[in-house]
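Hi,

Here is the structure I promised to pass on. Have a look at it first, and then read my notes below.

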Amino acid sequence: MQKRHTNKWRTVQLSTRLITLGTVGGPPPRAHRAQSSNLLIVNGTLYVIDAGDGAARRIAKVGFNVRDVGVIFITHHHDDHTAGVGTLMSLAWDNQRTKPINVYGPPQTADLIRAAVQYFTISAEIRIADGGRTIPIDQLFFGHDVGTGVVYQDANIKVTAIENTHFAFHSGPAAGKYKSYSYRFDTPDRVIVFTGDTGPNDALKFTMWSRTHEEASHHYGVALHCAALHL
Ligand SMILES: [Zn+2]
C-alpha cells in the first residue's frame, strides 16, 4: 500500500494514499463516471469518504476488496453521496467480511444504516440459508451520528468535522434540520480535507483550509475534494 516518493532532495516513505473513486456532481447517472466517493488508505487500512452510486464497483476497479472496508464517513445525506453505502456493506458481507463496518456522519446516519440493514437482510437471510454465511448483518453494520470537532481517531487517522453551508439555504421547517459536514483527516504524513458539497465558507476556510495550508509544509502537501454547491 505504501508508495515511495523520491525527488532530488529527499526520499520519503509515504503511508497515505488517496484515490478519488467518483467525482461526478449531482444525482443523474452517468455512463462512465461514479457518484461522489473517495478511498483513503493509511498504513494499509481502508477508509471510504462518501459512497455514492458505483462506489463498490470503483473500489474493485482500483484493485481493492470491498471486504476490507471497515470505516466509512458520510459528509451529508444527499443520495449522490450515500446511494452506494448499503451496497458496499452488503457486498463486503457477501465477500466474507466478519468484522463490523462502522459508518460515521451527520444526524440520521444511524437511521440510514438501520434502513440499509433492513433492506439487505432479505438477501442476507437467503444467503445464510444458501450456506456459507452465518453472521446476521445487523451484527456487522453500525451507523453513528456525530457532531462537530474530533469525531473519530485511531492509530492511523484523526478526523475533525465542521458543519458547512450546503444546507444553509433551507427555510421553513427544514431550516437547520439537516447537517452537512466537511472533514479534515490528519494522517502520519498528510493532512487531507474533504469539503463535501459546499460553497465559500469562512468556517471551512479558517478551521480547515488555513490550518491545513499552514501545516502543509510539515505534511508534504494537501488534497482537496470539492463538489459544487447545492448538488
Ligand atoms: Zn449535496
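This is a predicted model: local features need pLDDT of at least 70, side-chain atom pairs count only at pLDDT 80 or more; totals for chains, interfaces and linings use all residues.

Residues are numbered from 1 along each chain as its sequence is written.

Back to H4, which bends by about 45 degrees at threonine 121. The bend is the angle between axes fitted to the seven residues ending there and the seven starting there. Thr109, Ile113, Ala116, Val117, Phe120 and Ala124 of H4 are buried. Buried means 20 or more other C-beta atoms within 10 Å of a residue's own, exposed means 12 or fewer, and partly exposed is in between, with C-beta atoms placed from the backbone. An α-helix has 3.6 residues a turn, so residues three or four places apart point the same way. Among the elements covering the buried residues of H4 are helix H3 (85-94), strand S7 (101-105) and strand S8 (141-145). Tyrosine 119 also sits in H4, but it counts as partly exposed because it has 13 C-beta neighbours inside 10 Å. Just after the helix, glycine 131 takes a positive phi of about 105 degrees.

Now the wider picture. The protein has five helices and 13 strands, and 40% of its 231 residues count as buried. Six strands make an open sheet in the order S3-S4-S5-S6-S7-S8, with mixed pairing (two strands pair if DSSP finds at least two bridges between them). Strand S3 (16-22) and S8 are at the edges with a single partner strand each, so one side of each has no neighbour in the sheet. H4 packs on this sheet, touching S7 and S8, and its direction makes about 160 degrees with that of S8. Here axes are lines fitted to C-alpha atoms, for helices over the stretch in contact, and angles run from 0 to 180 degrees between N-to-C directions.

The largest nonpolar core has 48 residues, and Val48, Ile72 and Leu88 have the most contacts inside it. Such a core is a set of buried Ala, Val, Leu, Ile, Met, Phe, Trp, Tyr and Cys residues joined through C-beta atoms within 7 Å. H3 gives the largest share of this core, six residues. Beyond its neighbours within four places in sequence, leucine 88 is in contact (C-beta atoms, placed from the backbone, within 7 Å) with Ala51, Ala55, Ala56, Val66 and Val69.

One last thing to look up: asparagine 43, in the loop between strand S4 (37-42) and S5, has a positive phi of about 50 degrees although it is not a glycine.

Cheers

Note on methods. Helices (H or I, at least four residues) and strands (E, at least two) are DSSP runs, numbered from the N terminus. Two residues are in contact if their C-beta atoms, placed from the backbone, lie within 7 Å.
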